[in-house]
Amino acid sequence: MKTPPGLQALIDDGVIDEVMRPLKSGKEAAVYVVRTGDEVRCAKVYKDMAQRSFQQRVQYQEGRKVRGSREARAIGKATKYGRKQQETAWKNTEVEALYQLRDAGVRVPEPYGYYHGVLVMELVTDADGHSAPRLGEVELAPDQARGFHRFLVRQVVKMLCVGLIHGDLSEYNVLVAPDGPVIIDFPQVVSAAGNNAARKMLLRDVNNLTASLGAWAPELLDTWYAEEMWALFEAGELRPDSELTGVFAHDESAVDLDSVRHAINDAREEALIRQQGREAAAEMD
């Protein structure tokens, strides 16, 4: 295929040898399958701010560190230089998060380098070597769903232990590899300690996963792992190997339970419909 402009510099510098095909194009970036020697990897080309449709950037950027006082002042004043620095910081965020999370033992794609604004990383594949499907694209047995949920909750705990929250986690940001789920897409990652919306984002992330996997194992819909891990995090007691129960006693005077469980309740209805469909199919057989 014709080399996209964003990848030509990597070919010129010998970082990659060939662009094989496009993998996906989203609101934040375009991803391509590339070849480096005998290795097949993927390259993520970030879109410029003017091209992106991703909203609420300010909410996600709260609490992120800026390298220098000049850059911080410029970003705060939204000058031309500041916007350029903000754009650079946004593109660097995922790269830095991937390396940090990889070191913390979180199952994310292995990063191989960041060149000319392009992130080169592991291509996550299925057992046949094809691009791995998203979690929302696969059918699961109840035991598989429970295992995936247990694994993903543990990954979120590991992330929180290094002070990070995905911020946009759902069945669309998880790939299913032969060795289990892989979490992807981190440009919107937030600081757990420095972002006022951190707790809300953590609850949304975990509830999204629970809603999706609860469609296959409905008992998951009655768990409260996000609330439990956040309480431990605030108390300074959360560890990567902390044993979680999924049980949490709410202060109903301070928590809007209807709002927190909106996605879970929707998934409960979907799970019931799926279960009825499976039972009806079994009766027909």
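# Briefing: a predicted structure

Setting aside neighbours within four places in sequence, glutamate 243 is in contact with Arg154 and Glu228. The model is a predicted one. Its secondary structure comes to nine helices and nine strands. The protein has 285 residues, and buried residues make up 45% of them. Among contacts with a separation of 6 or more, 61% join residues 24 or more positions apart.

**Glutamate 243**

- This residue is found in the loop between helix 7 and helix 8, the latter spanning 257–260.
- Is glutamate 243 buried or exposed? Its relative accessibility is 70%, and the cut-off for exposed is over 50%, so glutamate 243 counts as exposed.
- Glutamate 243 and methionine 229 are 14 residues apart along the chain. Their C-alpha atoms are separated by 9.6 Å.

**Helix 7**

- Helix 7 covers residues 225–234.
- Its buried residues are Tyr225, Ala226, Glu227, Glu228, Met229 and Trp230.
- Glu228, buried in this helix, is one of the residues that glutamate 243 contacts.

**Helix 5 against helix 7**

- Helix 5 runs over residues 142–161. It packs with helix 7 at an angle of about 25 degrees, and the axes are 11 Å apart.
- Angles under 35 degrees count as roughly parallel, so helix 5 is roughly parallel to helix 7.
- The crossing of these two helices is right-handed.
- From helix 5, the residues that meet helix 7 are His149, Val153, Val156, Val157 and Leu160. From helix 7, they are Tyr225, Met229, Trp230 and Phe233.
- By class, this contact has eight nonpolar residues, one polar residue and no charged ones.
- Tyr225, Met229 and Trp230 belong to this contact, and they are also among the buried residues of helix 7.
- An α-helix has 3.6 residues a turn, so residues three or four places apart point the same way.

**Helix 5 against helix 6**

- Helix 6 spans residues 198–214. Helix 5 packs with it at an angle of about 170 degrees, with axes 10 Å apart.
- Angles over 145 degrees count as roughly antiparallel, so helix 5 is roughly antiparallel to helix 6.
- Helix 5 brings Ala145, Phe148, His149, Leu152, Val156 and Leu160 to this contact. Helix 6 brings Leu202, Val206, Leu209, Thr210 and Leu213.
- By class, the contact of helix 5 with helix 6 has nine nonpolar residues, two polar residues and no charged residues.

- Glycine 163 is found in the loop between helix 5 and strand 6, which covers 164–165.
- Not counting residues up to four places away in sequence, glycine 163 touches Val190, Ser191 and Ala192.
- Glycine 163 and serine 191 are 28 residues apart along the chain, yet their C-alpha atoms are separated by 5.9 Å.

- An open sheet of five strands has the order 1-2-3-5-4, with antiparallel pairing.
- Why do strand 1 and strand 4 stand at the edges? Each has a single partner strand, so one side of each is left without a neighbour in the sheet. Strand 4 covers 111–115.
- On average, neighbouring strands of this sheet are turned by 25 degrees against each other, direction ignored.
- Helix 1, residues 5–12, packs on the sheet. It touches strand 1, strand 2, strand 3, strand 4 and strand 5. Its direction makes about 70 degrees with that of strand 5, which spans 118–122.

**Strand pairs within that sheet**

- Strand 1 (residues 18–25) pairs with strand 2 (residues 29–36) in the antiparallel sense over six bridges.
- A hairpin joins these two strands through three residues.
- Valine 19 has valine 34 of strand 2 as its bridge partner.
- Strand 2 also pairs with strand 3 (residues 39–46), again antiparallel, over eight bridges.
- In that pair, valine 33 stands opposite cysteine 42 of strand 3.

**The hairpin of strands 7 and 8**

- Strand 7 (residues 174–177) and strand 8 (residues 180–183) pair over four bridges in the antiparallel sense.
- The two form a hairpin with two residues between them.
- Alanine 177 stands opposite glycine 180 in strand 8.
- In a regular strand the side chains alternate between the two faces of the sheet.
- In strand 7, Val174 and Val176 point one way, Leu175 and Ala177 point the other way, and all are buried.

Methods:
Residues are numbered from 1 along each chain as its sequence is written. This is a predicted model: local features need pLDDT of at least 70, side-chain atom pairs count only at pLDDT 80 or more; totals for chains, interfaces and linings use all residues. Side-chain values use heavy atoms; hydrogens and water are left out. Buried means under 20% relative accessible area, exposed over 50%, partly exposed in between (1.4 Å probe, protein chains only). Two strands pair if DSSP finds at least two bridges between them. Axes are lines fitted to C-alpha atoms, for helices over the stretch in contact, and angles run from 0 to 180 degrees between N-to-C directions. Angles under 35 degrees count as roughly parallel, over 145 as roughly antiparallel, 65 to 115 as roughly perpendicular and the rest as oblique. A crossing is left-handed if the near helix is turned anticlockwise from the far one by less than a right angle, and right-handed if clockwise. Contact means heavy atoms within 4.5 Å. Ala, Val, Leu, Ile, Met, Phe, Trp, Tyr, Cys and Pro count as nonpolar, Asp, Glu, Lys and Arg as charged, and the others, Gly among them, as polar.
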